[in-house]
Amino acid sequence: MNIGKRIGCHQRADRSFFVKGYQFPVCARCTGVILSSVLAMIVFFIYPLSAWASLVLSFLMFLDWFIQRIGVKESNNIRRLITGLLGGYGCMTLQMYGYRFLFFSFYHLFKTG
């Protein structure tokens, strides 16, 4: 449970999955974000999602959170997991674009300078 707390998850029991009576160390949405972030790091080098598509996926996760936050509709753990998967994939893909940009910027800086 300390790992989940350290990465910033609220770890609420009502928003977490349980296996054989044991609560996951992170909530449903964070579970999706973590799983899809790892997948996005691998897939990025094979077939990167466009930056616009990544923004849309990230926005869907934000929208689910926002709709719940303002009290329009309470989310459930399956929807949190799905939007976490989508949003995590989108956010990590955007990060990978940023890392690639930095890598090539430094590469060209040191190559020519």
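**Rings, charges, cysteines and a pocket**

Analyst: To begin with the rings, the structure, which is a predicted model, holds 10 aromatic pairs.

User: How are the rings of Phe62 and Phe66 arranged?

Analyst: Their ring centres are 5.7 Å apart and the planes meet at 20 degrees, so Phe62 and Phe66 count as a stacked pair. The two residues are 4 apart in helix α3, which means that about one helical turn separates Phe62 from Phe66.

User: What kind of pair do Phe103 and Phe104 form?

Analyst: Phe103 and Phe104 form an edge-to-face pair, with 5.2 Å from centre to centre and 75 degrees between the planes. Phe103 is exposed, with a relative accessible area of 54%, whereas Phe104 counts as partly exposed, at 40% relative accessibility.

User: Which residues do ring pairs link into a cluster?

Analyst: The cluster consists of Phe59, Phe62, Trp65 and Phe66, which are linked by ring pairs.

User: Switching to charges, how many salt bridges are there?

Analyst: A search of the whole structure finds 5 salt bridges. One of them joins the side chains of Asp64 and Arg29, at 2.5 Å from N to O.

User: What about Arg12, which residue does Arg12 form a salt bridge with?

Analyst: Arg12 forms a salt bridge with Asp14, and the closest N and O atoms are 2.8 Å apart. Arg12 is partly exposed, with a relative accessible area of 37%, and Asp14 is partly exposed as well, at 48%.

User: And how far apart are the closest N and O atoms of Glu74 and Arg80?

Analyst: For the salt bridge between Glu74 and Arg80 that distance is 3.2 Å. Glu74 is exposed, with a relative accessible area of 51%, whereas Arg80 is buried, with a relative accessible area of 4%. Together with Arg15, Glu74 and Arg80 are linked in a network of salt bridges.

User: Now the cysteines. How many disulfides does the structure hold?

Analyst: The structure holds 0 disulfides.

User: How far away is the nearest cysteine sulfur from Cys91?

Analyst: For Cys91, which is in no disulfide, the nearest cysteine sulfur is that of Cys30, at 12 Å. Cys91 counts as partly exposed, with 33% relative accessibility.

User: Next, the largest pocket. How much space lies in the largest pocket, and which residues line the largest pocket?

Analyst: The largest pocket has about 160 Å³ of space. The lining is made up of His10, Arg15, Cys27, Arg29, Cys30, Trp65, Gln68, Arg69 and Arg80. By type, the lining residues divide into 3 nonpolar, 2 polar and 4 charged.

User: Where does the largest share of that lining come from?

Analyst: The largest share, 3 residues, comes from α3. Helices α2 (28–43) and α3 (51–69) each supply at least two residues of the lining.

User: Last topic, the backbone. What is the phi of Gln11, and what of Lys20?

Analyst: Most residues other than glycine have a negative phi. Gln11, although not a glycine, has a positive phi of about 60 degrees, and Gln11 lies in the loop between α1 (2–6) and β1 (18–19). Lys20 also has a positive phi, near 50 degrees, and is found in the loop between β1 and β2 (22–23).

User: Buried or exposed, for Gln11 and for Lys20?

Analyst: Gln11 counts as buried, at 13% relative accessibility, whereas Lys20 counts as exposed, at 79%.

Conventions. Residues are numbered from 1 along each chain as its sequence is written. This is a predicted model: local features need pLDDT of at least 70, side-chain atom pairs count only at pLDDT 80 or more; totals for chains, interfaces and linings use all residues. Side-chain values use heavy atoms; hydrogens and water are left out. On a 1 Å grid over the protein atoms alone, a cavity is a set of points where a 1.4 Å probe fits but cannot get out, and a pocket is an open set with protein on both sides within 12 Å along at least five of seven lines; lining residues have an atom within 4 Å of a point. Grid points are joined across faces, edges and corners, and a volume is the space filled by probe spheres set on the points. Ala, Val, Leu, Ile, Met, Phe, Trp, Tyr, Cys and Pro count as nonpolar, Asp, Glu, Lys and Arg as charged, and the others, Gly among them, as polar. Rings of Phe, Tyr and Trp (its six-membered ring) pair if their centres lie within 6.5 Å; planes under 30 degrees apart count as stacked, over 60 as edge-to-face and the rest as tilted. Buried means under 20% relative accessible area, exposed over 50%, partly exposed in between (1.4 Å probe, protein chains only). A salt bridge is a side-chain nitrogen of Lys or Arg within 4 Å of a carboxyl oxygen of Asp or Glu. A disulfide is a pair of cysteine sulfur atoms within 2.5 Å.
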